[in-house]
Amino acid sequence: MKYLLLVLCFLSHAASATLITLDADKANYATNETIELNINVNDMLPDAAELEFDIAFDPVSIEFDFLDIAPSSGVFYDFTDVNAGILTVNLWWFSALDVPAGNFNLATALFTALSDVSPVFNVVSMNQYDELGNLLQPVAVDEPWALVLFATGLIFMSYRRIKA
Amino acid sequence: MKIKTLLTASAMLALPASADVIISEYVEGGSFNKAVELFNTSSNSVDLSTYQLKLYFNGKTQASVIALTGAIGAKQTYVIAHSDIDPAAHVDFPTNKLLFNGDDAVVLENDGAIVDSIGKVGQDPGSEWGNGLTSTKDNSIVRNANILTGDTNPFDDFDPAQEWTGFAKDTIENLGQHTADGGSDNGDGGDGSDNGGGDNGTGTGNCGESFTAISAIQGTGTTSPLAGQTLWVEGIVTSDLQAGGYKGFFIQSADSEVDNDNNSSEALFVYHSADDVNVGDRVRIQAVANEYRTLTQLSTVSSIEVCQSNQALPTATVFTLPANDTEREALEGMRVTLSNTVVTDTYNYGRYGQFSVASERLFNPTQVATPGAEANALSALNKLKSIAVDDGLTSQNPESLPAPAPELSAVNSLRSGDTIPTLSGILSYHFDQYVVFPSGTVATQASNPRTMEPKIDVKGNVRVASFNVLNYFNGNGQGGGYPTARGAKTEQEFIRQRDKVIEAIYAINADVVGLMEIENDGYSTTSAIADLVNGLNAKHNANVYAFVAPVNGSLGDDAIAVGLIYKSARVSPKEAAKILDTNNSPTDEQNQPLFLDNKNRPMLTQVFTLNDSEQQFAVAVNHLKSKGSDCDNLNDPDLHDGQGNCNITRTRAAKAIGQFLNNELTDVPTLVIGDLNSYAKEAPLTALADAGFVNVFDHLNKTNTYSYIYQGELGHLDHALANDALKDQIVDVTSWAINADEPRVLDYSMQNQQAVHHTKFYAPDMYRSSDHDPVVIELNLVQAMFGDLDADQDVDRNDLDLFLQQITAGELTDMRFDFNNDNTLDRRDVRGFMQLCTRSRCATE
């Protein structure tokens, strides 16, 4: 059972979307430690020239610091964490031709742990647009499943700790 | 009256007379050419503090009294003259009280005793005593040499023919020296044998015998060590000015006869015209050495003989500027050669036949240096760099002016900035300055040629000009009303002026012209500004120009005003013109108005709209208080820091201008133009810079420009200043050098001219249409670019950042930015904004 819980927790960290994957540099962080979260993109749509997504995090345990966009040329971007626990990122490539093909590292987000924490990040919204600003095919995000797995893991772990 | 006259006469005659001083010359000429010369017949200096000159006007017996001061040396003269006498006159005691017109008696008293007199006290002769040249009106009369005592009875009949010799009206050359039997103002006289031994010469007149070296007479100081001595001298005539009013010639030692001291000159001026000499003559002269207004000379010539003719002239000495007085004194009277000089001042060329040259063009100190010590140091240096060039004539308004060859004319101008590769002549000292009398033709080069139109290298879409039109007064506007208060004296003069000004403005071809010194006579059909516009439109054969008329119909109460004319097909006034005067001036800490319109002319500001694009700009025209007259009543004197009179008055006005425009025309592209009567480094310009108005010439890196020349020094009195909203929309600026560089004699005026000058010196062209050069400013008003949120004339990534910031902050309300038409300005519109970028991928410059 313990191994099952670990697998569930791992899965909750490792993948939240088919297009965007989030990869923290480690699982656990001490207070004030910097969390480095790599944001990777996997195969944007051929006509896409704009990407917009939100990353959810626990604002009580971690704090957003900065976002470093990897492809600095040919793209105009903006990010904001104006809504607590949501990092909104917009990228406008000047042309669809400027969008890197295949899988690529999009950005690195830096957070600070406010307490000893095992942070959880989820892509909760994502859209792609073409050069004219038209919304392209929505990409399904398996957010509910990830949340269920994460919640289940926590419940089982709590249960085991109380029972012990 | 008769009893009173007798009593006065009795009282005057009862007093003893002194015979030491007499009246030796009397000048009653035109304008303020009034002078009385005294001569000390004695061998001792006479203290004049007890002397009075009394003027009895029109037969009156009550006198206007001029108390004298100073002293008069033995055998010397002392000239009392009106303060505004011809500046060429010798004057020891200037006074504005010396006024007479021929029928007024003049009495010289010493401590109440009658010493001498002219005329008859108590008698009005009608217009004059005497007749012809020898009369007391419109003549100069010189006491005969044999008269050594004065006429101590001012009540007897007076006939000048008995003791006086008459000269033509305005003859002033005799002032300052007098010949009298037994002595002269040049010394004791003597017979030569007194000085015939030793170093001072011989007692015979034979050529080749011993004589006093010229260098010994000159000495190494500023005055001759042998002054007052009668000497035998030999030298070669190097310049003959006997006929031109100087009444003398220069002699210089032959090359083989010079001393080896570079501090002593080898030449002398000989004041003598009775015996003709020629250049190249070797002459032997017996005369008295003396200093005449610090020029070492020989005068009272008692013997002159031409020893040889056609002698080789002494070698000319290279004279290099800058040079101080000591260096110049060492060459006084000598043949010199200057290389590569530039003409710097022609203001009085027509009047006195004199212009100035320098080693380079000279800038007015406060145009380029900080007022105070730095400016004063530059002023001193400028003086060392320049020297006058004289035509060798003392007469005024000479018929012909020799440079540039063959003679000056309206189409053959001598412009400041023209150069003289080689200038050879005699270096001398006359009328209180060092001058060069050229030998032969002065070969000038037109290094600063005229141009037919202002040089604008970068074209924009609006042209603005600032032009001081030199007191454009049109009489009563109906052909009469002359002479005017400040401008043309006659209708003919006005027509000449009008033609020149119209030619200039026509060639400038500006859309808006700010005017200074236009007659302040309103805006009716007979007004000066209406006349000017009518003239321009006639030239264009169309109603091209119109003028701005203030709503209240006036612009202060000075005789002159500023004005604005514009091309109505190109621009349109927007709303009423704004006026800054004392009434609406910003105030200082003591709540006193900064702008005084009884000193400065009220500022006229008009916002214009470009007819084809509706872009706006404002032009504010100014004419601040001049430096010429004082503002002592405002406790604003000349502080001798280079800024002249009334600097505080101008500076306060400049502060008012800055505040007024910033308050009234916030964010409107605004151009301040006009004659600020301040050079670039002076406080008024600093005040305007502090208010955000940049000097357009500086902004466009236009250096060495000027609009005015004063005493040979260049500078900008006329300016173009732009506020922040305009400065980057100005693409070019120039000061069109059609006036400042030109001799004044080429302007419209016919005053002080001979008939031959009226056509020789005048042409109905733009040259010397004023004393100021017009300033021409080329604007390129750019249509506000959609998306250029940082107003830097492009749309780039910086604008994209601003757009994102503004929509994020909800600050943007212009729904033209709702590119996706969802009635919301948000990030979904960024893609649309990108399409506005002026460079690929919104690249920045």
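The model is predicted, so local features need pLDDT of at least 70 and side-chain atom pairs count only at pLDDT 80 or more, while totals for chains, interfaces and linings use all residues. Residues are numbered from 1 along each chain as its sequence is written, chains are lettered from A and ligands numbered from 1 in the order in which they are written, and side-chain values use heavy atoms, with hydrogens and water left out.

Chain A holds two helices and eight strands. Helices (H or I, at least four residues) and strands (E, at least two) are DSSP runs, numbered from the N terminus. Along the sequence, the pattern of chain A reads α-β-β-β-β-β-β-β-β-α. Of its 164 residues, 43% are buried. Buried means under 20% relative accessible area, exposed over 50%, and partly exposed in between (1.4 Å probe, protein chains only). Contacts (heavy atoms within 4.5 Å) were also sorted by sequence separation. In chain A, 74% of the contacts between residues at least 6 apart in sequence join residues at least 24 apart.

Chain B has 845 residues, of which 56% count as buried. Its secondary structure comprises 15 helices and 42 strands. The C-alpha trace of chain B spans about 120 × 75 × 50 Å along its principal axes. For contacts in chain B between residues at least 6 apart in sequence, the share joining residues at least 24 apart is 72%.

The largest nonpolar core contains 65 residues. A nonpolar core is a set of buried Ala, Val, Leu, Ile, Met, Phe, Trp, Tyr and Cys residues joined through side-chain atoms within 4.5 Å. Within this core, B:Ile505, B:Phe617 and B:Leu671 touch the most other members. Beyond its neighbours within four places in sequence, B:Leu671 contacts residues including B:Val464, B:Val619, B:Val696, B:Leu721, B:Leu726, B:Ile730 and B:Ile777. A second, separate core has 37 residues. Among them are B:Leu321, B:Leu427, B:Tyr434 and B:Phe437.

Two helix pairs of chain B were examined. The axes of α7 (residues 491-508) and α8 (residues 528-540) come within 10 Å and cross at roughly 60°. Axes are lines fitted to C-alpha atoms, for helices over the stretch in contact, and angles run from 0 to 180 degrees between N-to-C directions. α7(B) and α8(B) are therefore oblique to each other. Angles under 35 degrees count as roughly parallel, over 145 as roughly antiparallel, 65 to 115 as roughly perpendicular and the rest as oblique. The crossing of α7(B) and α8(B) is right-handed. A crossing is right-handed if the near helix is turned clockwise from the far one by less than a right angle, and left-handed if anticlockwise. On the α7(B) side, the contact includes B:Phe494, B:Arg498, B:Val501 and B:Ile505. The α8(B) side includes B:Asp531, B:Leu532, B:Leu536 and B:Lys539. By class, this contact has seven nonpolar, three polar and four charged residues. Here Ala, Val, Leu, Ile, Met, Phe, Trp, Tyr, Cys and Pro count as nonpolar, Asp, Glu, Lys and Arg as charged, and the others, Gly among them, as polar.

The second pair is α9 (residues 647-664) and α10 (residues 683-690) of chain B, with axes that come within 8 Å and cross at roughly 15°. α9(B) and α10(B) are therefore roughly parallel to each other. Their crossing is right-handed. α9(B) contributes residues including B:Asn647, B:Arg650, B:Ala654 and B:Ile657. From α10(B) come B:Ala683, B:Pro684, B:Ala687 and B:Leu688. The contact divides into six nonpolar, three polar and two charged residues.

The peptide bond from B:Ala403 to B:Pro404 is cis, with omega near -5°. A cis bond also links B:Ala405 to B:Pro406, with omega near 0°. B:Pro404 lies in the loop between β26 (386-390) and β27 (419-430). B:Pro406 is likewise in the loop between β26 and β27.

Positive phi values occur at two non-glycine residues described here. Phi of B:Asp138 is about 55°. B:Asp138 sits in the loop between β12 (134-135) and β13 (139-143) and is partly exposed, at 32% relative accessible area. B:Phe431 has phi near 50°. B:Phe431 occupies the loop between β27 and β28 (433-438) and is partly exposed, at 31%.
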